[in-house]
Amino acid sequence: MKPKAIIFDVDGTIANSERWGHLPASNEAIKMLGLPFEWDWPTFKRMLTIPGTANRLRHELEARSYSKGDIEAYIGAFVPIKKELYINKYLPQVSLRTGIKEFMQRAIVKGVKMAIVSTTYEAQINELLATKLPDEKPFFNPVLGKESGVKTGSEGVLYERCLSELNLQPEECIVIEDSSAGLAAARKAGIPTLVFYNDYTENEDFKGAVLVESSITNVDPDKILAGEKPN
């Protein structure tokens, strides 16, 4: 069936934002708060199974035996600082994944709707779209991030909300993801999912995906948009 909508994850799927955006923004915010540590990329990669940098910081502080009160105080201070740094300082150095913009442009030409479901804050998503995909940004609706609901885990409902807002059935859509957690969330909603993994998700279990590839450039985008077997 030809898809009526493509639903995209953001971090690691649309953009290489974890290493070049979220990590340095988090480290600078941690330093500004006077905390005695920073994360290198191997450490941060291991924590990417934890959704959201605030939750990763909570995990770190709990492992360091900070009190519950201190943890919540640090998290409360961390979130706005890190968000501002990500948007205003580090986002410009984030690159799109190869081929993703061209795929979006083909979807627009063919009249396929586009939407976003992500664990990140919507302000960060919208700024990434405005900065890196200004011509494509108006075609994304809805854009659902952290404020709109839980995406992953047993209570993940954000993909279901996206279907409701699109007024479409699961089989009328395709999800594009990069991780097993994202795949599980999309499959929980019954949506066929294509996985384009990256260097930190390549060894995850993608059972149930319609397609698993290292890059969207490895497949024929017109076949995806026509509802045909991509390769």
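Reader: Hi! Where is serine 65 placed?

Author: Hello! This is a predicted model, and in it serine 65 sits in the loop between α3 (53-63) and α4. Serine 65 has a positive phi of about 65 degrees, although it is not a glycine.

Reader: Thanks. Is serine 65 buried or exposed?

Author: Serine 65 has 65% relative accessibility, so it counts as exposed, the cut-off being over 50%.

Reader: Which residue other than glycine has a positive phi near 60 degrees?

Author: That is asparagine 167. Its place is the loop between α7 (158-166) and β4 (173-177). Asparagine 167 is exposed too, with a relative accessible area of 68%.

Reader: Switching to helices: at what angle do α1 and α4 pack?

Author: Helix α1 (residues 17-32) and α4 pack at about 130 degrees, and their axes are 8 Å apart. The two helices are therefore oblique to each other, and their crossing is right-handed.

Reader: Nice. Which residues meet there?

Author: On the α1 side they include Trp20, His22, Ala25, Ala29 and Met32, and on the α4 side they include Phe78, Ile81, Leu85 and Tyr90. The residues of this contact of α1 with α4 divide into 11 nonpolar, four polar and three charged.

Reader: And how do α4 and α6 pack?

Author: Their angle is about 5 degrees and their axes are 10 Å apart, with α6 covering residues 122-132. That makes α4 roughly parallel to α6. Lys82, Lys83, Tyr86 and Ile87 of α4 make the contact with Ala123, Gln124, Glu127 and Leu128 of α6. Those residues divide into four nonpolar, one polar and three charged.

Reader: Now the inside. Which residues touch the most other members of the largest nonpolar core?

Author: They are Phe8, Ile14, Leu57 and Ile116, in a core of 54 residues. Helix α4 (residues 68-90) gives the most to this core, with eight residues. Apart from it lies another core of 17 residues, including Ala115, Leu158 and Cys162.

Reader: What does isoleucine 116 touch?

Author: Leaving out residues up to four places away in sequence, isoleucine 116 touches Ile7, Phe8, Val10, Ile14, Ile125, Leu129, Phe140, Pro142, Val143 and Leu144.

Key. Residues are numbered from 1 along each chain as its sequence is written. This is a predicted model: local features need pLDDT of at least 70, side-chain atom pairs count only at pLDDT 80 or more; totals for chains, interfaces and linings use all residues. Side-chain values use heavy atoms; hydrogens and water are left out. A nonpolar core is a set of buried Ala, Val, Leu, Ile, Met, Phe, Trp, Tyr and Cys residues joined through side-chain atoms within 4.5 Å. Buried means under 20% relative accessible area, exposed over 50%, partly exposed in between (1.4 Å probe, protein chains only). Helices (H or I, at least four residues) and strands (E, at least two) are DSSP runs, numbered from the N terminus. Contact means heavy atoms within 4.5 Å. Axes are lines fitted to C-alpha atoms, for helices over the stretch in contact, and angles run from 0 to 180 degrees between N-to-C directions. Angles under 35 degrees count as roughly parallel, over 145 as roughly antiparallel, 65 to 115 as roughly perpendicular and the rest as oblique. A crossing is left-handed if the near helix is turned anticlockwise from the far one by less than a right angle, and right-handed if clockwise. Ala, Val, Leu, Ile, Met, Phe, Trp, Tyr, Cys and Pro count as nonpolar, Asp, Glu, Lys and Arg as charged, and the others, Gly among them, as polar.
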